[in-house]
Every structure is written in C-alpha cells, then in structure tokens.
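I opened the notebook with two places to look up.

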Amino acid sequence: MPYDRLDRDVAMMKSAGLNVVRMGESTWSLWEREDGQFDYAWMDRAVDAMGKAGIKVILGTPTYSIPAWMARQHPEILASDQGGRIGSYGMRQNMDTDSPAYRYYAERLIRHIVAHYKDNPTVIGWQIDNETSSYNADNPDVFIGFQHYLEKKFVTPEALSKAWFLNYWGQNIHTWEDLPIRDGAQSTGYKLEWTRWSQLRVTGFLRWQTALVREMASSRQLVTTDFGGVMRRDVNEEEVADSLDIAAVNVYHGTQDHFDGSMQSLQEDFTRSLKHSNFLITETNAQSTDWSSAFQFPPYDGQLREDVYTHLSNGADMVEYWPWASIAANQETYWKGVLSHDLEPNRAYAEVSRTGQELQKIGQHLVGLRIHNQVAILWSRDSANAIGFMPFTSDAPQPWAPGKEIASYDSLVEQIHHSLYELNVGTDFVFPESSDFSQYKLLIVPALYIANEALLQRIADFVKNGGHVVMTFKSGFANDDSAVRWVRAPGPLRAAAGFSYQEFSNLERPLSLKDDPFHAGDDNRVKYWAEFLIPEHAKAIAFYDHPFFGRWPAITENDYGAGTLLYEGTYLSDKLQTAVLRGTLDKLGLTGDDQQLPASVHVQHGVNRLGKQLHYYFNYSGAPVAFTYAGPEGKDLLTGERLTPHSRVTIKSWDLMILESPQ
Amino acid sequence: MPYDRLDRDVAMMKSAGLNVVRMGESTWSLWEREDGQFDYAWMDRAVDAMGKAGIKVILGTPTYSIPAWMARQHPEILASDQGGRIGSYGMRQNMDTDSPAYRYYAERLIRHIVAHYKDNPTVIGWQIDNETSSYNADNPDVFIGFQHYLEKKFVTPEALSKAWFLNYWGQNIHTWEDLPIRDGAQSTGYKLEWTRWSQLRVTGFLRWQTALVREMASSRQLVTTDFGGVMRRDVNEEEVADSLDIAAVNVYHGTQDHFDGSMQSLQEDFTRSLKHSNFLITETNAQSTDWSSAFQFPPYDGQLREDVYTHLSNGADMVEYWPWASIAANQETYWKGVLSHDLEPNRAYAEVSRTGQELQKIGQHLVGLRIHNQVAILWSRDSANAIGFMPFTSDAPQPWAPGKEIASYDSLVEQIHHSLYELNVGTDFVFPESSDFSQYKLLIVPALYIANEALLQRIADFVKNGGHVVMTFKSGFANDDSAVRWVRAPGPLRAAAGFSYQEFSNLERPLSLKDDPFHAGDDNRVKYWAEFLIPEHAKAIAFYDHPFFGRWPAITENDYGAGTLLYEGTYLSDKLQTAVLRGTLDKLGLTGDDQQLPASVHVQHGVNRLGKQLHYYFNYSGAPVAFTYAGPEGKDLLTGERLTPHSRVTIKSWDLMILESPQ
Amino acid sequence: MPYDRLDRDVAMMKSAGLNVVRMGESTWSLWEREDGQFDYAWMDRAVDAMGKAGIKVILGTPTYSIPAWMARQHPEILASDQGGRIGSYGMRQNMDTDSPAYRYYAERLIRHIVAHYKDNPTVIGWQIDNETSSYNADNPDVFIGFQHYLEKKFVTPEALSKAWFLNYWGQNIHTWEDLPIRDGAQSTGYKLEWTRWSQLRVTGFLRWQTALVREMASSRQLVTTDFGGVMRRDVNEEEVADSLDIAAVNVYHGTQDHFDGSMQSLQEDFTRSLKHSNFLITETNAQSTDWSSAFQFPPYDGQLREDVYTHLSNGADMVEYWPWASIAANQETYWKGVLSHDLEPNRAYAEVSRTGQELQKIGQHLVGLRIHNQVAILWSRDSANAIGFMPFTSDAPQPWAPGKEIASYDSLVEQIHHSLYELNVGTDFVFPESSDFSQYKLLIVPALYIANEALLQRIADFVKNGGHVVMTFKSGFANDDSAVRWVRAPGPLRAAAGFSYQEFSNLERPLSLKDDPFHAGDDNRVKYWAEFLIPEHAKAIAFYDHPFFGRWPAITENDYGAGTLLYEGTYLSDKLQTAVLRGTLDKLGLTGDDQQLPASVHVQHGVNRLGKQLHYYFNYSGAPVAFTYAGPEGKDLLTGERLTPHSRVTIKSWDLMILESPQ
C-alpha cells in the first residue's frame, strides 16, 4: 500500500460483508528482511485489525517467491536447466524446491511463522505455498533425483532401455550414470517419465510443507493450498489434494461478452472431484486480470455478483478475490483488485458489497451444497502429456494448410465438458487411479492415449457390468511407458469396443459425415484425425463422405455385456460432439426439463445442509430471459418469491434465481 | 573500393555539385591496423583530393565499430548481458562503451586523429561516433554503475524498495548488493530506471568524446553526432544535443509509392526542436536501403531531387547520402549508394547532379531557413518506455482477436503528427523538461503515462493561462517511478481535465462513436482502450455506441481558466484523430488556405537568411496536380517564374515550387 | 522389436518378394554396449536368417548416432557453436565428425564390423554413415580447421581482407588469430566460405569412411551412402558421389492428394546426374512419415505400387522402405513402416507384396534403365547459399505486405523443374564444375548469383557454339567471394545476354506483363524482383505494365553466335514460367506427342538392358484416364497386352502402363 490505511481497508471489508481474508503468501522479504532476522509486527497489526472486525484470516506460507538476499547468497536455488543456462532473479516461482538451501530457509521460516500464529484465534487456517508447480527446474539435484527414481522404478538400466525402446538410434544405457539429461532427450518414455517425476517433486514438496505446518499448527486450523488452475501438466492435483484438509483453486475466467460460467464449471467440477467434496475459491476475477495493459476487461454490471453464485453452485464454500486493492506497480499493476488504484469505493466494490450483504442473509442456505452427478469424464494427465509430445495437429505452416487450427487433449476435454455444460448435465471427473466407475451411468473417455492394462480392464468391466462409455480416438493406444502396443489397436479394449484398426490418417481438410446423420448442417464436419476402424461386433453409426476414407466408419457403437461403448474415431465439430452426447444421454434417460431451457439459462442442482434441494437458474446474457419454470415448487432465496411449477419467470440480464425446495 | 579510383570519384562528386563529404566513421582498422600502429596516409590522400576539388570534409571518429584485434585482445569489451551470454564479434555497435579498455583505445585513437587533422583547412568538422545507442550492454561494469547511480538517486535501499513497491512478491532489498541484475527484473520501476541509466550512459559517452575532440580540435571545426533516427528508447537526444554545435540525423524514409514527405517531417521536426535551430542530414536514401535483397525500392524519377528540398524545407542545412558508391560485399551490399556497384554514372547520379547544380544557383536562398510553428507535441521518452513495458495492445493470439493490430505510444505520436502533416500545419516537439509552453497556441499531449507533479502542473498552468491542450488516454496515470498514482485518475490533471475516472477497459473490437459526430463513415471507430470518464466540469463531445460503454464519454472538453483541455479517452481512428484536431485548429484560427490544397500537395513556410518568406509547395504524387495558388506574390526560385495570388498553377509529378516573397 | 519375431519377419519379407535389406545404421550401442566391448551375435543372427531366405544385406556403419556412454565420456564430441552453447545428448546427428575422439571410436568400430562381415556372402555392400551433414558444428577444432583452410586458400590475411571487403566497418585482419568466430560474422564472403568449409568437412568425413571400409571390405561389396534428400546446403553431393560405387538417396514425397511423382523426379533427376548413372533408393515412404502425429497421410490404394515404378522410371535400381515395421516408441513412432505397430499383415504389406511379386517377373526388363535427356538445369549450391544470406523476399511483416509469400533459389529451381515435369520433358542437372554442356540442347540457368569468370565464359561459349540458354535474374551478379562485380551486370555475360543493367527493384506487389503476351490470364503476373534491363543487342520479349517499371523489359532474348540466350529479369508466375519454357522447347523441336497427353498422365522414356525402349505412362490421379496412345507398338509388361499406335487406352486410378518396344 502506498500509505497506511489499514483501518480504512478493514472497515470497507467489514462493511462489504467480507468475513475471511487470505494474507501473507507473497511476503518472505517482509517476514525475514535479512537472513535470520524475523519480524512479525507488520502482520500482527493486520491480523489484529481483522480480528477486531470479526474477519478471519488464512495465512499463506510465503515460500513461492524468495527474497533477493537469498538469490544472491544461494544462486543455486534458482531453477535452471542442465544445459548451463543460469536462472536470474526477478520472477516469482523460479526456484528448485528440492534445493537443500531452499528447504532449510523455508523450514526455518515456516516454523517461526506457524509457532507465532498457531494460537491466534483470528487465524483459522494455512495456505501452503501458492500455485506451486515444477518451474521446469532441472538443477543437478533434480536430475540426480530423477536417476534415483528411475533406479527404483526400473531396477536395471537394461530394463529401462527395453521399456523405452532405446535400441532406437542406438541409445540404450548399461549404467545409470549414462542417463542423458532432459534437455536433448527425444525418447517418448523419458519425456513422459520426466513429467511424472516433476509431479512427484511438486507433491513431495507440498506434503513436506503440509506435514511441517500440521506439526506446528493448532488442530483447529485448516491446511490447504491453492491450485493455479487445475489440469496442469506438472502438478498431480489428485495426489496433492490427498494430503490437504480441503482443496482450493484460483479460477480466472472470461468476462464481458465471454462470461458464461463454463470455465468456472470446468475448473470447479474438476476440483470438486479431487476429494469428492466441496472446496475453496482462493482467487477469482475482481476488476481485471492482466500482466500487461492489453487484456483489461472489467465485468459488466451484474457479472461480479453472478460470478459468486456461480462458484457456490459448483460446490465452493468460500469465494476470495485477488487482490483486495489494485497494486500501484510491478507485474500485476493491471491485475486489478476490488478497489481501483485510487483506493476509493467504486463500481466493483458496490457490487461486491451487495453480494456480501445478500450472503450474510442467505449464506447458510447455500454453503455445503452436495452435488450428485451421473456422468463423469476420465481425465488422464499422462495422456495429456504424451499427446503433447506427439500432437495430432500442428501449427507448422504447410503448403496445403496455412493457419491451421490447433487441437489437443485439452481442447477435446474442454469440448466434451462444454457440450455437457451447454446441455445442463452435471459432470464429475474421474482419474486413472479411480478404482470404481460404477456410481456413474455414463463415463466419457477422451483420447486415453496412455493407459495400463488394469485401467483398460476396469473400463471394459464397467461396460460389461452395464455401464455406458463414450470414448474417442487414440484411446488404449500406448502403454504406461508411452510405447505403442504391439497388438491391434485399441489393444485390451478391442472386445469392449467391438472393432480393431491398423491404420489412421490425419485429415488435411475437414470431412463431412455421410448423409449428415446428426443434422448438423454447416457443422457436419470432422477434423484432424481418422482411424480406419474395422468393425468386428460394433455397428457403424456414421461414415466419412470421401472416396478413400468412406469405407471406414467414423463412429461406432458396441453392445458389450450389459453396457455399450460408443467410439469416435475422429475429432468431431462442437455441434456433432453435442449431438452424439445428447443422443447417448437421451437413451440413458439422463435428459428432461433442463434440456428445454433457453440457451442463455444454465441450471445447477444440489442439496444444502438443511437437507433441502437448491436449484440455481443463471441468465448468462445481457438481455432478460423468460421461460416456463418446470422445477418443483420452491422459494427464490434472493427475492423471497415463491415459484410454482409451470409458472412463467423472467431473469434479468446477468442475474439469477436460487430456488429452495423440500428434499 | 574494389580498385583505386579516388580521382574519378572526386571528379564525379565535384561535377555533381557536391561540396561536403563525411568520411572515416567506420574505419578503425584502417587507422590502427594493429594495437598502437597508426596510419594516416590512406586518409590524407582522400582529404587532399577533396581539398583540391574544393570539397570540404567532416571526419567521423571511428569508434562505433571496433577492429577484430581489439575484440580478440579484450573480449570483455563486447556488450553482453549479465546472464552469461557471451558477445561475439562481427556486428558493429556491439561494445560496452563504458569499458575502460575500450575508452583507453578510443581516447588514444581520437587524440591521434584530431591532432593530425585539426589544422587541415579541408576538415571543417567532426562527427562523434555514429548512431550511438546503449547496445543493450549489461556488462558487469555497467551493472555496478547502475547500482551506484541508484545509490545516489535513492540514498537508501529502503527508499528504492518503497518507490518501486518491492514488497510486491517479497522482493524488497536492504543492502545495495542484493539488487538483482536486469535480466529477470519484473519491477516496472526497475525497468524504467534502467532505460534512464542506458540513456545516461549514451549521453555520458558522447559528452566525453565531444569534450575530447574539442580539447584537441581547432575552434573553427564544428562538432556533431548523427542520430540513427530520433525518438529512440535508449538515447536522450535532447541531452545529447545540448553538448553539440549542431544536431544531425540520419533519415531513411519510404520511396516509390510510399514517398510522401511525412517521415522526413516527423524526424526533422523533432531534430529541429532539439536545439530550436537548424540541423544536418548526415544520411538519407540514395538508391535503396536494405540489409537483405528484399527491400530494394529505388526512387521513382524525381523523388531523389524532391527529397533534398523536402529536407531543406524542414530546416536542414546540409543533405548527405550514405554511401557514395554501392559496396560490393557484406551487410550493406544492397544499401545502395548514389553510384551502383558498377561505379558508373547512372539514373541516381544524374538526378543528384541536377539537384546539386540547382543548389549551386539557389542554395543561398534556401539555407538557414527559420520556421515558426504554433503547435507542439509533447514527447515523453519515459512514457514511451513505460507503456512499452505495459502495452495497451498485444499480438498474443486470443480466441476472440486473431491477428490483432498493434498500437503503441509511437503509433499514437505518429498518428497525431501525421494528421497535422496532412493538414499542412507545422509542428514542433517539446519535452518533459521544457519549462515553458507559452510560445505555442496548441499543445498536444499523447499518452503522457509517466509524469511528475511539476510537469503536470506546468500543463495545467498552460491551460489556465489561455493555452489549448489536446490530450489522450493514460496521461497523468503514473509517477516518475512508474507507480500508478493512488488518487483518482488523471491525478493532478483532474481540475484542468474536468473529469475523473476509476476504471478503464480494453476494447475487444473497435466501437463506433454514437451518431458519428465527426462524419467519419466507415472510419467512425475507436479502438484498443476506453477510460470510463466521469465528467465533473468537462462536457462530453462524443459517446461510445455500446450498451455498457455507452454511459461514459469517449471525448471530453473542459474550459479551465483561460484555456481548454480536450481529452481523448480512447484510441481514435486516423480519420477521427484528424477530424478532432482539425476542429480544434479551426477554433484557434490556425487554419486557412493551406488546408484547401489538393491532397497530394504539401506546403512548408519559413523565412530565409535574406529575410524573405519561402513557401515550399510539394507534389508528392506520380501525377501532375493543378490548383489555385493562394499565397502572396512571389518568385519560383526553381524556374524564375513569378506567381501572383489566385493564379492557376500546375506542379508536375514528384516536383515542387519554391516561392520566395517579401517578408 | 518389442519381442523376438525374426523368423516371422524374414518369412513375411520373402513372401513379399523383398530381396535386399539394409540394416545396422542406427545401432552403435548394440555393437558396442560399453567402451570397447563388441558384440556381433545379435546381427549375425539377423544376417544368417536373411541369408537363409535368400535376402541380401547392405550393412550400415552406425556412426551417425553415438551411444550415450560416448557422449558422457567425451562431451566434446557433441556439436556446439563457438558462443559457449553446450550440446546435449538425445538427438542423433549431433556430433563434430572431425573430433579426434569421435574418429578414434568410429574407426575402431568400423574396422571391427567390416572385418567381421567382409567374407559373409549375404552382405553385398556397405552404407557409409546415414544422411550425413555438417550438423552446424562449430567446435574449436572445426574453427581452427577453418582458419587453416583459409590460410591455404588466401595465403595472407590481407588477401582475405581484400577479397571479403573487410575494410567495411573496419574489420580487416592482419593476423590469422584475429579471424572472428562464425557466430556473429556478417561478412558475406565469410558466410559463403563457411558453407564450403562445412561441405568439405562432410566430404572429407565420408571419403575417410569410404577408404576405411574399402581397405577392409571385400571387393565384391559395394560402397554407398544415402543422401538425406539432395540439394542440401552443407553437403556437396557431387563431390561425395565421386568416391562412391553408386549414389543412393532417401526420397520422401507427398501422398494422398499430393502424390504426383514430381518430388521423386526432382530428387532423382538430381541424384542420377551426380554420377551420370543409376542409383539406389535407400528410403522412401511406406505408410507415413512424421516426427509427430500431425502429418500422417498413408497412401491411397495403388500409390505405394505406383511409387515403386516411379522410382524405377527415374533410374533407380533398388527401392527400399524405412522402416520395415513401425517402431513402438521415440521420435519416429509415427514414421510408419510397411507393417503397422501390430506387426501383422496389412493394407500396405499387401500392396508391397503385389509389387514385389510383379517385379520378380518383370524386374529384369526394368532394371538398368538408361535415360538420355536434352535439357539440363545448372544447379549452384554457392548461389543457393549466398542468396539465402541476402534473400530477395522476406517474411518480415511490412505495413504494405503482410503475410508475403517466400521465394528463394530453391523455389525457383523447383518451379523450373516442375514446369518441365508437367511438360513431360526429361531433365538432367549439371553443376558449376561441369566442364561441358554441349550434350544438351537447352541449358537452364536459375539465379546463378555466384559464379567465377570461367563458368560464365563456359556458358557464353555454349551459346556461341549453338546452345540455347534460359537464364533468370541475379545470374552473373557476384564473384566467388560473394562480392558484387564492379562492372555493369550481368558482368561477363553481357555480350551473350545482349543487355546490361545498373538498377533493380523489389516488387512490392505483383505486376502484370503488358498485353498478356503469354495468354496467362489471372496468372499473368511477375513478382518479387525486377531488373532494369537495358537491351544492347537483345530484343525485348515482354514488358511490365507499370508507369515506372514499364520502360524496361521483363524478358529478353538475344541471338549470340549460333545460339540464343533468353533472360527473365523477374520472378515469373508458375504459368508464365511454363509458357516461356514451352515456347523455347517448341522452337528447339523438343516437343511432340508427349505434350498432348492429359494433365494427370506423366511419361518417362529410356532404354533397358535388353536394348529395348521402355515407355512408362503413369496416371497420377484418383480417376481413370483415357487417351489415344501415340507411341510405338509395344507390349505392356504389367498386363502382357500389346499396344499399337493410335489405339485408345485407359489407365486406372493410381496405375500405370510400361510399354516395351524394340530399340
């Protein structure tokens, strides 16, 4: 802050109905201005002021950004690669978190801070680090650690060489010391294993901090960490979440004309699925989010308020902004807070205050929402990584495809989730480690490129036992070492899928499906990839409209045991994907009134702590929307109005209803 | 030269009417072939030949390109960054000009050369170095110098930490040794201060050379340096010019269909404003300018000649080409001179000769032109730099804005200057250090992002005292340390501007102004940026046509004291900018006959040494242009024809008239 | 291979009619698992199995990919630049092939392997290394070698400084030690000479290996190496081929809708011209070629078979695929072999088998084809390199030319060759070293930017003696040191060309030729470059349609002695190039029935070992094509049908006829 205004800030927070703040996660140089000189007074003052105002505090361990003195005294702490590039100070999140020097300093500071605040009743919890990832560190200790990890996993260099097919280009190793560094590695097995090692390092670091904080802290204090967005390549959020009391995530999303709740839903369905329970939003958009001045898109009137309810409807039990007040300088000058740089009340503060005051009244009806979904997406970080190393689209300029679009594992997952979101179908995520999918009626498996036999068997068994699967191309293709299976694709899935294939092709240009079976009109096109599926038991659902590719089906469906497996051998247009999923959902009886709503209306259901049903109806548009309400009789918690089935309702622009009805 | 042809070259120069040459600025290895072995004979011979032909010489100190032996003996001279990257020899302008070794060699050579030629009557002056800039050097001595500079400026590390808001990410320092190197710095204060340090280094180096040459040279010899284009980020041309006898600039501009005089005007209005006096053109386009073979655009017939008069009309007192003869090899093989590679007379030589012969007749009427303008643009290097670190447009591919245009501080300044140029309104530049703007009727202030209180007060006072200001978005936003002011924008300008604002937004797509108030048709659009201006005393001139943005004015005008301040809260299209400026000029009575001329005709006015008025009328087009002459009675110096007011005149393609009329 | 299936693979090969395999070129770590520990058993087993099946073996020396232990023991072997960048292990072809350590290991291994197999009757030959190039190595020994090479060539540093015009920027040297490293060099002479040095290094390395293998091997064993595509910048294929028994080339080409035989023709016309004799195809497309998963384009039915005959029709005496079986992992997971990853028979295997079985029947009629062409293209590696350093188009974004196309020496050569290919005119290549062009009626000389006087004289003499030349812009422009000649362009060609020029311009936008002299309609446009040709004896064939450029001809033709020289002063559109060449060919009587064939039909002629004429007629399209056969009476070797002149024939999609007729 450019000047002392703590009391004014606290008063404004209190007046706005804020009751929790997170502090301290970026402040190492304030706690410890020089090596071993600790200072708490500056934070004591802030915590005390909050406490007096009835505002609780979550304190962050400040380990994600090291002070300048540490970088100077221990330059080896800075993340570097093995190729001799020297890291430099300035950016945050630029260290080797395995460095003994770093660990020494981090532990000493954490022990001091937690001891100091463990008995402070205002401090209700701890956030471990901040948006932790691997920082692409490949410092010598990281590389040696990788060697030891491989030794444990493969036992002999010969076993590793065989698993990674290192006879290729004559690169197999017979002594661990000959393992090349990551920089120039081209082995697909090496690259994938390195991502797992990076994830293990992140998990290990966060578990170490969690254990340290728990050892020191009061048992009433919760421990969490904030994911910097989920589905990251080098963070295994499932494993990290295991050691936390509650998961937390920072969700930044589109605003203005791009505010539609879908990004929140994607990120939060994933976060909720980590521990099968509710979670915290530790950061979300206040005025704008920007590391330059080129992406300032402050929300339209109503969007800030609607956003809070959006998070709650997904299972959030807290919503925090970052930052409270816009910062006058540095990287996030334009990452604007609730307050503008002038630190006066403003449009955003007014809307946050309105929302806070509403929540003081109705919050107890909203918190602790329980959500039960019947559809899940299987998300595989290994597949995301391995496909990234061998992508199925390219932006390389080709004479025949200038300016080609890029598709990826992520774009496919987002397409599928977005289709379900638009269809108002609630979705969970499951993971390769999930031992049982039987609680779901429909399991969607996008491009499960990397999978071991056991996982594929679990999926096949799920179908055999009456489950329904929608699966896409590339699934079952490679094993855990990123080696393509040496049997006909899709390998262990062949019986469940009811087809096999030996060939595939990229599609230079989009193709149509023959006879437009899904009535998609201009959107009747498939792209990027086509597997040459040879049905064995499956029936063909759609064919390519092409003299060569036309002999193979683009989509098949197979009855297997008591269930079915629908397979997409190509990348569908968004509209085709929605049509295919809609057809499956209809067959499974998972559709109904929610699918009759106007396009801008999104609905979310759950059960609150009072045992009553909540039905959120959002209008994500700048125009009012009217429709015939088809849900049960209930009361709109925001207005107090009662609603009966089949009554006509109107939701204003960027507004919502929250119907509470008996269980 | 591939063979000895000195006499032939000198004869051709003389025949073409050339009377000054610049030599020697790239020739260190000829003066000093090995460490301490000096040779003057090669240059003596050239200077003597020139002298005999009556051609005067400006000698360049050859310090901008070091010889190979020096790079090998002292590799530490090569510019490097702090991250361990090693500079390599080959390019020119690649050294740390603060390196003691470099300074030692440079001083020794300069002392030798100047002593040798100080009494040579042919040598009329010295050019210090060549197109000097900072070369992005961050060698250890440069960085240590920066630390010492900061110590002097901020006194304590704590004061620096506070000014730069280094609590952010916990990066404040308590000892100067902890200052991080430039490489990874993200602090906006650090980045801006580094640019000032780079400028100081350039200024210091050139002042050192200037003093050294003056110490050795004859007092009849002038001292200058040639800017490699002005408005550079790391050269403070205002301060450098202070120590010179006369400013000089190398102006390269569009040719063929892009030859319109505007780039010359922009660069030369700026250069003329440095010392409020005339200047030299040390280099300009001969045949083509190119470091490859892909941008060869030799001028159309007439353009070379018209260009000379263009420079003179802007206040140049000399026009030199670079080079005389096209070079057979190396980086500038295709940076073609007056002569082609065949070294014979050619089309360019013929046109240069025609012009040279004309100037021998009428040059005394043209030289020493005095220009008096009533409009000035305030140019802020700090703002250019700081906006560059936090740009308001991006070429990052965004789903909603592929292939976005790029705008910047420069594009805004160029737009404004170009509008005035097209309106035939002469323009000066003023600088943040300018203590008084009162000689101008209209001051234009583009995006004055960085400004201290005193400067903002001077602008406000200028308005209060009857001045008129046109100002754009982002002005007054941040202080000298690039920290956003912690009061309502536009800070100290609030009273003069008559509005305040707390919010702003980028514009994802261009917006129209409501009701097309400037009749701009398809060009009625504003882009990139919109401040949410809340008028307090100002009146709204134009609004956005948009449901959300429409509540805030895009342009305001405020009466303040005896003057007015017009403010553009957004980036106008070129046509809108011209319309807004035209409206203001009309009100101020600064328009008249010059604004009635055909589009291809540009006019420039001044007073020559004989005390007579000169009126240049240029036809910048490939077709003849006819119009009714509205100026005073006078004589066309080129043809000798007399012209009376209201007579019909025709100017041929790429041709001009120079009317001389009594004062 | 993921499991042992040698016998199965050999049986499948034999059944498919394969009779030669290449093995071992990527397997150093299998031969020598640790320093000095040699193992042959694994290869003995494979060679024995092949021998038993009657399949011959070409063994590759495995030197293009070093084992991991060698990189660890001798990191100095890894290719690096002089700027301190450290090479890292992982990629193949990443070493300094001049490193003494590398040479020591390579020699030891080669001696062991060749000794082991020299008497093995199954092993019929040796492939030296694989797709060798310079790997951009600039290790210290490479740079010192360059210094010594320059000493030999220029004798004194002063001579080098003069030849390279190093007075420019004051960079001349007076002692060899001052020679700067390659990294920062901007001298055009330096850059070009470095490419020659790189080529010499490649030639030297391959000659060394060839001599070594010949010393050890049996005289019945052939020695070759496989070019990784020809016309490379840093490989002088002409010189390398000199030391080989037979040339070999890896040709990868477009498939699916891009399969038209033209890339095969370009690469193989060049390869055939190296030794004026037939050659081997050591690798070509099987299923797909891809270092990612984004460029999978398996051939349509028929293309694999048609491709084999395409190679044979160009003079190949062997066609091999790489690889036999798709590899389960690593960089070339998707560089698919004849077998898919499942290693079962598949569509590709079936087509290869059909072709193999055909060749068992008719191969003796096809092998040893002699081809006699009357048109040659002069290909200059120096010109390709030197133009690359000073390109005549740029992709730099320019305000007036966003997204400009890129043209180059290569694109020009490809355009010319493609025009001839489309015209069914067989083409050879000749080289700057070729001492006599008199066997050709028409010599085409694209952009011969670098040429010494002797070469230009040979071309002029060729014309004087009755030869015909089509030549393009930039020819004769610079000397062997990449210095522009200091006489009027085109220098020594002036008399033969019948014009001179002093000026040239890039073309900002394409221009039309006045009055569309070649009836090219929308394709009547020329681009990029225009020389201002001043005819002296030549006649103008076409002019630019432009007020400025229009005074100079775009194309001229000159009678000189008994021949003619047609000159293109600009870059023609593809259609214009074809029209210009067609006109010349017509005049020379080089056209006839072959130019009347449908567009998709390509024809190739030659004489087989039986002394009979062969006429290949290819249908490169997915539709059948019918036409009236105009060749001599003959028998289709594939069907056994006899064909008489003027009979109507139909060739099926992606199919061909091979007519054999008496000499």
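**Strand pair in chain C.** I looked up strand β11 (residues 375–378) of chain C first. It runs parallel to β12(C), and 4 bridges join the two. This is a predicted model, so I read every entry here as computed. Across the pair, I found C:Ile377 opposite C:Phe429 of β12(C).

I then checked which way the side chains of β12 (residues 427–430) point. C:Thr427 and C:Phe429 go one way, C:Asp428 and C:Val430 the other. Buried or exposed? I noted all four residues as buried, C:Asp428 included.

**Interface of chains A and B.** Next I turned to the contact between two chains. I listed 57 residues of chain A in contact with 61 residues of chain B. The two chains bury about 4,700 Å² between them. Of that area, 53% is on carbon and sulfur atoms. On the chain A side, A:Tyr89, A:Asn330 and A:Tyr334 lose the most area to chain B. Together they make up 13% of what that side buries.

One salt bridge joins the side chains of A:Arg72 and B:Asp178, at 2.5 Å from N to O.

**Make-up of the chain A side.** I sorted the residues of chain A that touch chain B: 27 nonpolar, 18 polar and 12 charged. Elements supplying at least two residues each include α2 (28–31), β2 (32–34) and α4 (68–73) of chain A.

Methods: Residues numbered from 1 in each chain as written. Chains lettered and ligands numbered in written order. Predicted model: local features only at pLDDT ≥ 70, side-chain atom pairs only at ≥ 80, totals over all residues. Heavy atoms only, no water. Contact = heavy atoms within 4.5 Å. Buried area = accessible area lost by both parts, 1.4 Å probe. Salt bridge = Lys/Arg side-chain N within 4 Å of Asp/Glu carboxyl O. Nonpolar A, V, L, I, M, F, W, Y, C, P; charged D, E, K, R; others polar. Buried < 20%, exposed > 50% of the residue type's maximum accessible area, 1.4 Å probe, protein only. Pairing = 2+ DSSP bridges.
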